[in-house]
Amino acid sequence: MIEMKTTIGFRTWFDIKYKMRASYLNIKALAVFLGISLEDENIFAYTTYEKENFNIMDMDSPRILLPKVGDRGINFKKEEWDAGFITIIPIMPSNRSTFIKLKHKKIKMERSNDGKILEGETTLI
């Protein structure tokens, strides 16, 4: 799964997590349809980006970082982005013990000479 962004921050990280959940469910559904056994440790998430901005002072509404009542607050940059994992929110949020944790790789991109596109290289796992 690959998500492409220009700037990564707290708000875009939330968006990425929801998009990755949709992609994860599509992958799992396709695997079942094709009769393929696919374990979560064989699914990888990638995010390409140009700039990283996890500065809470630059946010319009820092309240989105507050955990829901009864949930544990986490530092998304430290515990997910920098740690190489992404935690996918479960389909049934009432069962908080079923979070899906996938390997995640961030891929830094650079602007092309003409400034119109982002370029970069990586080796997919």
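1. Contact here means heavy atoms within 4.5 Å. Buried stands for under 20% relative accessible area, exposed for over 50% and partly exposed for values in between, with a 1.4 Å probe and protein chains only. Helices (H or I, at least four residues) and strands (E, at least two) are DSSP runs, numbered from the N terminus.

2. The model is predicted: local features need pLDDT of at least 70, side-chain atom pairs count only at pLDDT 80 or more, and totals for chains, interfaces and linings use all residues. Residues are numbered from 1 along each chain as its sequence is written, and side-chain values use heavy atoms, with hydrogens and water left out.

3. Gly-35 follows the helix with a positive phi, near 75 degrees.

4. An open sheet of 4 strands has the order S1-S3-S6-S5, with mixed pairing. S1 and S5 are its edge strands, each pairing on one side only. Neighbouring strands are turned by 30 degrees against each other on average, direction ignored. Strands count as paired if DSSP finds at least two bridges between them. S1 and S3 run in the parallel sense over 3 bridges, and Ile-2 has Tyr-46 in S3 as its bridge partner.

5. H1 lies across S1, S3, S5 and S6, at about 70 degrees to S5. Axes are lines fitted to C-alpha atoms, for helices over the stretch in contact, and angles run from 0 to 180 degrees between N-to-C directions.

6. The structure holds 5 aromatic pairs. In one of them, the rings of Trp-13 and Trp-81 have centres 5.4 Å apart and planes at 80 degrees, so the pair is edge-to-face. Trp-13 is in H1 and Trp-81 in H2, so this pair ties together parts 68 residues apart in sequence. Rings of Phe, Tyr and Trp (its six-membered ring) pair if their centres lie within 6.5 Å; planes under 30 degrees apart are stacked, over 60 edge-to-face, and the rest tilted.

7. Tyr-49 and Trp-81 are both buried. Ring pairs link Phe-10, Trp-13, Tyr-49, Phe-54 and Trp-81 into a cluster.
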